[in-house]
Amino acid sequence: VVVCPGGGYKILASSHEGTDIAKKFNELGIHALVLYYRIPDSTRQVDRKIAPLQDAQQAIRLVRKYANKWGVDVGKIGIMGFSAGGHLAATAATHFEKDYTGVDDGINLRPDFQILLYPVISFRPFGHSGSSVNLLGKKPSEELIHLYSNEEQITDYTPKAFMVHAADDKAVPIKNSLLYVEKLTENNVAADLHVYAKGGHGFGLNNKTTKELWFDRLAEWLKTNHIL
């Protein structure tokens with residue numbers, strides 16, 4: 001699993017949405033790669049809009065390339081993301097037919113599954129304006145808004161999804177996940193969405209409003225879908 005921490009495309013919350021998650025996967029016998037993707041920055045990148053996606057695609061490429069060496073099943077490589085990292089993961093899961101890295105070596109860049117925690121899905125008004133501004137700028141075109149609103153990019157080849165969101169999330173409204181699941185379902189893509197009444201945003205592994213652990217549900221989902 002390639003793990004993309006959140007941070008609004010401004011920082012990387014790489015501990016509670018990165019290494020802590022990787023350790024939980026390791027307990028299950030699952031390899032995890034925490035992706036320190038580039039923060040969009042026009043002074044450092046030729047095209048800041050695609051820099052994080054380039055890094056996500058390159059991570060998938062590396063895992064597939066070295067799957068045998070690392071003891072990874074080449075057909076069970078997923079991507080996971082939290083908040084803005086969830087947007088990046090969903091982008092990788094819906095834009096895989098184009099190689100944004102420019103390598104074009106024929107390696108399959110499609111993740112086999114996606115795991116999204118309180119994800120930014122859309123750059124429509126109900127999305128997360130901070131993530132949109134940091135990635136696309138203050139006045140993106142309608143074409144860019146459409147391209148990076150991932151609910152509008154789903155096809156019947158989009159990988160299956162496991163999602164978690166809190167209904168009282170004020171930072172990234174639950175409408176992001178609800179609409180994503182709706183569009184996945186319309187395209188006959190399997191999607192599990194687990195909704196907490198409370199929890200807010202950015203809770204990582206532990207939603208303190210409940211004793212239930214979403215990671216346990218994820219483990220069962222991975223078994224049910226013959227990934228684990």
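In which helix is Ser131 found? Ser131 belongs to helix α5, which comprises residues 129-136, where helices (H or I, at least four residues) and strands (E, at least two) are DSSP runs numbered from the N terminus. The structure is a predicted model, in which local features need pLDDT of at least 70 and side-chain atom pairs count only at pLDDT 80 or more, whereas totals for chains, interfaces and linings use all residues. Residues are numbered from 1 along each chain as its sequence is written, and side-chain values use heavy atoms, with hydrogens and water left out.

The protein chain contains eight helices and six strands. Along the sequence these elements follow the pattern β-α-β-α-α-β-α-β-α-α-β-α-β-α. The radius of gyration of the protein chain is 16 Å, close to the 17 Å that the globule rule gives for 228 residues, so the chain is as compact as a globular protein of that length. This radius is taken over C-alpha atoms, and the globule rule is 2.2 Å times the number of residues to the power 0.38. The C-alpha trace spans about 45 × 40 × 35 Å along its principal axes.

Of the 228 residues, 53% count as buried; buried means under 20% relative accessible area, exposed over 50%, and partly exposed in between (1.4 Å probe, protein chains only). Contact means heavy atoms within 4.5 Å. Among contacts between residues at least 6 apart in sequence, 75% join residues at least 24 apart.

The six strands form an open sheet in the order β2-β1-β3-β4-β5-β6, with parallel pairing; two strands pair if DSSP finds at least two bridges between them. At the edges of the sheet are β2 (33-34) and β6 (191-196), each of which pairs on one side only. Strand β1 (residues 2-4) runs parallel to strand β3 (residues 78-82), and three bridges join the two. Val2 has Ile79 as its bridge partner in β3.

Apart from residues up to four places away in sequence, Ser131 touches Gly8, Tyr9, Ala84, Val120 and Phe123. When neighbours within four places in sequence are left aside, the contacts of Pro119 are Ser83, Gly86, Met163, Val164, His165, Val172, Asn176 and Ser177. The C-alpha atoms of Pro119 and Tyr180 are separated by 9.8 Å, with the two residues 61 apart along the chain.

Positive phi values in residues other than glycine were examined next. Phi of Asn188 is near 60 degrees, a positive value in a residue other than glycine. Asn188 occupies the loop between α7 (175-186) and β6 and counts as exposed at 72% relative accessibility. His226 likewise has phi near 60 degrees; it lies in the segment after α8 (214-224) and is exposed, with a relative accessible area of 62%.
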